Amino acid sequence: MPNPLPLPMRILVKGASTVGWLGEMGGPPSDLGFPRAIEAALYRAGRPAEVRALTVASERTKTAARRWEREMVGYSPDVVILVYGHYETVHLFLPRWLERHANSLNVPPRKWSTLYRDRLLHPVWMFLARMQARADTRLDSTIRRSRPRLVAADLEKVINHTQELGSPLVYLFELIRPAKRYQSWFPGMAERIDVMNATVEDLVHRIGKPNVRYFRVSELVEQYANGDLEVATPDGFHFSPYMHGKIGEALAREIDEWAGQQQMFDVPVKRTRTRGTASPENAS
């Protein structure tokens, strides 16, 4: 009989572009997003894992709550990492459908489409974005106070459902303030992120389960980028390949420690049968 193998962990990472986009795209194959960096670090530690990343730019938390059954039940993950609440802090009032329409990555290469976007859509969007930026400096940046509460409610719904799938380890992410490049476009975003982080961290404390954790990214930014957001998020929003790697390694260490306490991931003992001795399966 072949030697028995340990059961690979199943890790599901969900969120908006912060999960899959790198602040410096187009680099070498070794530039891994943090989900893949988790997988690589676990394999280096001798812990087999399958990491599945489901990420859509500008995805909102309520979408994750709607799709949990489709994305989680069949896969039955052992670890769930939720990176949500970021998009809800970006705009003061501009609607998501308009933002996605103006900045879509799926644009048909047609002459009429190019003309429409260059002559009409882009100028209108830039005008509205400038108006929003002005309003964001004059109004209370956290005036839409229901947003963090709704994000927390949706996250709690997802977490409660995950606990029906075998009590996986769940991480909620701390969000990072925008770097200088976007501070003028979204003047109130930093304050909205602070409120969102406090709300999500409070949710973790309120749930009070050891397998539901709050993952502090700011500590890694301080450790590996000297707290400099221009280094950690070179495009203003998304982590550099280096920071993605460090985030993945930090998560892998915690996940590996947790998995070491779960009997299901132990290497099964090989059963041998000697002549004249009943095998364990046939022993009465």
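Phe 173 is buried, with a relative accessible area of 3%, where buried means under 20% relative accessible area, exposed means over 50%, and partly exposed lies in between (1.4 Å probe, protein chains only). The model is a predicted one, in which local features need pLDDT of at least 70 and side-chain atom pairs count only at pLDDT 80 or more, while totals for chains, interfaces and linings use all residues. Residues are numbered from 1 along each chain as its sequence is written, and side-chain values use heavy atoms, with hydrogens and water left out.

Phe 215 is also buried, at a relative accessible area of 4%. A pair of aromatic rings is described by the distance of the centres and the angle of the planes. Rings of Phe, Tyr and Trp (its six-membered ring) pair if their centres lie within 6.5 Å; planes under 30 degrees apart count as stacked, over 60 as edge-to-face and the rest as tilted. By this rule there are eight aromatic pairs. In one of them, the ring centres of Phe 173 and Phe 215 are 5.1 Å apart and the planes stand at 35°, so the pair is tilted. Phe 173 belongs to strand 4 (residues 169-173) and Phe 215 to strand 5 (residues 212-215), so the pair ties together parts that are 42 residues apart in sequence. Helices (H or I, at least four residues) and strands (E, at least two) are DSSP runs, numbered from the N terminus. Phe 173 and Phe 215 form one aromatic cluster with Phe 34 and Tyr 171.

A further pair joins Tyr 182 and Phe 237. Phe 237 is buried, with a relative accessible area of 17%, whereas Tyr 182 counts as partly exposed at 22% relative accessibility. Their ring centres lie 4.3 Å apart and their planes are at 10°, so the pair is stacked. Tyr 182 is in helix 7 (residues 180-183) and Phe 237 in the loop between helix 10 (229-232) and helix 11 (241-259); the pair thus links distant parts of the chain, 55 residues apart. A ring also takes part in a contact with a charge: the charged end of Arg 52 sits over the ring of Tyr 75, 3.9 Å from its centre. This term requires NZ of Lys or CZ of Arg within 6 Å of the ring centre and within 35 degrees of the ring normal.

Strand 4 has five of its five residues buried, so it is largely enclosed by the rest of the structure. Leu 169, Tyr 171 and Phe 173 on one side and Val 170 and Leu 172 on the other are all buried, and both faces of the strand are covered. Two strands pair if DSSP finds at least two bridges between them. Strand 3 (residues 79-83) pairs with strand 4 in the parallel sense over four bridges, and Val 80 has Val 170 of strand 4 as its bridge partner. Strand 4 and strand 5 run parallel and are joined by four bridges, with Tyr 171 opposite Arg 213 in strand 5.

Spaces in the model were traced on a 1 Å grid over the protein atoms alone: a cavity is a set of points where a 1.4 Å probe fits but cannot get out, a pocket is an open set with protein on both sides within 12 Å along at least five of seven lines, and lining residues have an atom within 4 Å of a point. Grid points are joined across faces, edges and corners, and a volume is the space filled by probe spheres set on the points. There is one cavity of 30 Å³ or more, and the largest cavity holds about 70 Å³. Among the residues that line the largest cavity are Phe 173 and Phe 237.

The largest pocket has about 750 Å³ of space. Its lining has 28 residues, of which Glu 99, Asn 103, Tyr 182, Phe 237 and His 238 lie nearest its centre. Helix 5 supplies the largest share of this lining, five residues.

The second largest pocket has a volume of about 320 Å³. It is lined by 15 residues, and those closest to its centre are Arg 60, Lys 62, Glu 88, Arg 144 and Arg 147. Helix 6 gives the most to this lining, with five residues.
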